[in-house]
Structures are given as structure tokens and as C-alpha cells.
Amino acid sequence: MANDVGTWSGVRREMEDSWELVRVLRSGTRAMRAAGTKFTPATKKEAKTRDRYAQRLARTVLFPIYDRTVRKLASLPFMKPPTISGELPEPLDRLLSNADRQGTSLSSFAQMIYEDAIDRGLGLFLVDNVPTAGLTLPEADAMDARPYFRRIHPDNLVGCRTRMRNGVEEVVELRIRNWYYESSPVGGGDVLADMVERWTPERVERWYRSGSEHDPDREQNAAREYLSGYRLGETIAHGFGRVPVVACYTKRIGTLHGEPPMEDLGWQNVAHWNSLSMQGEALHYCRSPILKVAGASSTVAEARPEVGPGSTFTDTSSDLDISFVEIAGTSLAAGEVEIKRIEERCMALGMQPMMAVGGPATATGEVRADSNEKSEAQRWIEGLEWAIYQGIELAAEAAGVELPEDFDWTLYRDSSLLSGKAQDVPVIQGLMTAGQIPLAVGLRELAVRGVLSTVDDPEALAAQVELGRERTVEAQMQAMLASVERDRQAPAAEAEDEEDEAEEAEDEAEAET
């Protein structure tokens, strides 16, 4: 076991194929730049001139569409406090205000697990326990000795093994990595060290790796596996009789195996990054005028005159011609259209988990409010509720207490575009089109309903739309004026053509005579 405790299992390695994309996107601009050609292909010219490719990457900034969508979806069930019925016995009641013994409330802890599940398809946490055997009551209270929850970041999952028992697949081994800093034995300072916990139904083993790393980067190192260098530290009997891991799924492939449910949105975000990168590169060169000098003397031509504020240019040549050449940049409009289309697709994909199939309609065509249809997001929320309840059951088992029969823990689920909310959308659009409500108000109402999941500032978007309308109207007026001018000049042009034809006829007649 010492040789492979840090090695990824087959399931973990399979999940990494899809997890890498979303990990880089959520890590932001720096991670996208560091990924290089993996997500930002180089052109043929850039492949030969690496400096130019590096400069383009340095000018490109990620618009975090995927990250914002994941965060907003994860916050929807917590727009209102959870509904708790019944009372938890001591010491389980402390879970509500401090679920992880680090001051995180149960609601905030559940939101972290839910965000992991939306991002990776899988959210995990352990139910651990601080035993009170041999401690006095004041000592146990002082160290907060009780069952508690431990979040497992998906990247810290090293591997697992399962087996079938009585027709149910159960986890018989779980390996997770923990990171911590320790003083360097050489040279001072801190180094990043890691320890792998191996959980079985009877005990937990802690394996420590020698050869800690200087200049640590936890985000980068989290996506690596370490094949050797571990030594067994301690072995502790946990007393659960099973591996006390709880999973919340949004896209389940198997036990402790999930895939990002919004991977398509992630790839669209990559497409947006690349389109924006090429657009910025084109704009960088198009808005830089080129100095054109013709007829200059050889002395001036070899000196390459400077351009800029305060610079002067003189030459004795009588044929000297100096001007600036600016690129028309008509292709930039096509690039802007492509970027907008990608953003629209991202908006649609981000809204998709909240969409539900309409229920049966009434005689008037309205969707019935008592429809049992659920959106994908609502099913995710139910899975999270059940996962937290399972965790509380395991904590009660570890504490040796029973849960009250009336205890329940539920979340706010009315976060989907169902029934009434689905009917609101065309009404709001109609009011905006008719001008009966300001554009900013309509956009704000759509954003509240989750229709505009990537819009943070409806007022700014409204101002942008109004500016676009003004420019469109101005362009239409210019086109109308040009059309009127053409119509006005048309009779005069026709008369001139007739006079020219008459003169040509006279000339031909004279020539024949």
C-alpha cells in the first residue's frame, strides 16, 4: 500500500478528463494562460513566432461565464434560510451553527457541497468524530469533541474501491489528500506537504509523504497524483462500521463517480475566450495607423522617422508625400457578432437546468400550478437535502443518540422557471417592447427570474442596448437621406443622359452626311 496510496484509482483518472476543463475555467485568467495551447490554439505564424503568441495570451482576459453561472445556481436554494422541523439532541444541535468545527454553519457548508456538485457532478463530505472517551465534560466542551462534517474537495479525492453487498454497492476504501504547511528543515520558510487518509470500514490510516515542495501552488498541485514517497504515520479505529462518506450527485455515472453537468457551457466559455482573444488581436493591429512616406530622400528613409506627440519630420525632397494608412476593419463586425452569439448560447445553457417541462394545460392554455414536473435544478436540490440528512444520521449514530421522528431539513426549491414564472417572461418582454416599462426594469425582472443568469448589472446592459438602438436609428436615417438624395439627383442624371444621346445622334448624322 505504501507504493500506491497516492496513486489515482481508475475512476479518479477517468473523472480528471472532464474535470480539467472546469478546474481551469474556475481558476480564471492566469490558469487559462498557463494552459497554453491546450485551450488556446496558436496560428501557424504564432507557432513559428512564440513571442507573438505569448503577447496575445498576455492581452487576453477570461470572461468568467462558467464560474458565475455555477455560483449563481449554487446560491439559488439558499436565497431563503433552510426550513428545519424538530429539534436535534445534544451534541448534534451544534451542527446547525458549526457543521465543520471551523465556524461554518450547516447552510453554508451545504452550499459548498452543492457548488462542488454543480461544478464536478459530485459533492463529497465525510462524517468524522472527536471521541469523548476519557474526557471530562468541561474538557470535551473546550475542544468541541463531537461528530462533525468534513468537506472533501473533488480534487483531493485520490481513489476508492467498492463492492456489492446484499445487492447494494458500498464503499470499502476511500483515499483522500489533505494539504498543510510545515517548516522547511533546510533554508527556513514554509513548504507545502500532503498527507493521504485511507478509510476502511474499521479504521483510518494516515500516510505522510516525504519530500515536500518549495514554492507551493495548491491549485496546481491538487490536480496531480503522487506515486511514491509515503510512510504510514498512525492508524485509528473510527467506530462507524463503514466508510462514513456521503455523496451528492448532479450527474452520476457510478458510485463516487460524477461528470460536470454543465460541461457544454464550459466549452462555450472556451470558445468565447478564443474568439475574444482573436478579436482583441485584430483590434490591436487595426486601430494602430501605419505611417506612409513616399518620395523621401535616402537619408530620411534610412533614419526611419519617429512618430508621436512632439515629433517633427523635415526633408528637402520635392516629391515628399506623408500620410497615415488606417485599416478599415470591416471584419471586426463579424467578430463581434460571433462573440454575441456565443454569449447568447452561454445564457441559454446556463438557464437550462432551471427549465421544466410544462405541466398539463387548462382550457385557457395556462400551465397548471399543481404540475408535478420538476426542473433539473430542483432534482439536484432534493439530492442535496437527502445527502445532508444522511450525514446527520451518521453523526447521530456516532454520538449514540436518536434523531427525532419529526426532524426534517429542507431547502428553498422555488428557483426554477415553472408555471407562473414561465408565464411572466413573455409578459415582461411584451411590456418592454411596448415601452410600458423601462428597459432596465424589464431586464432586472428577467435577471431575478434566472433568465439572464450572466447579467450582473441590468442598468448597464440597458444603457448598452439603448446606445445600440440609437446607432441603428441613426444609420437608418442616414440611409434614408442617401436614398432621397439619389432620387433627387436621378431626374437630372436622366436629362443629362438624354442630352448626351441626342448629341451623339447629331454627330452620327453629320458624319454620314
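The largest pocket of this predicted model holds about 1200 Å³ of space. A pocket is an open set of points on a 1 Å grid over the protein atoms alone, where a 1.4 Å probe fits and protein lies on both sides within 12 Å along at least five of seven lines; the volume is the space filled by probe spheres set on the points, which are joined across faces, edges and corners. The pocket is lined by 43 residues, and Arg 151, Ile 152, His 153, Asn 156 and Asn 178 lie nearest its centre; a lining residue has an atom within 4 Å of a point. By class, the lining comprises 18 charged, 15 nonpolar and 10 polar residues. Helix H7 (residues 106-120) contributes the most, with eight residues.

Helix H7 also packs with helix H1 (residues 10-27), at an angle of about 120 degrees and with the axes 10 Å apart. Five of the contact residues are charged (Asp, Glu, Lys or Arg), two are nonpolar and none is polar.

The chain has an average pLDDT, the predictor's confidence from 0 to 100, of 81, and 73% of the residues score at least 70. Residues 359-371 have a pLDDT below 50, with 14 contacts beyond near neighbours in sequence.

Local features require a pLDDT of at least 70 and side-chain atom pairs 80 or more, whereas totals for chains, interfaces and linings use all residues. Residues are numbered from 1 along each chain as its sequence is written, and side-chain values use heavy atoms, without hydrogens and water.

Note on methods
Helix = DSSP H or I, 4+ residues; strand = E, 2+ residues; numbered from the N terminus. Contact = heavy atoms within 4.5 Å. Axes fitted to C-alpha atoms, helices over the stretch in contact; angles between N-to-C directions.
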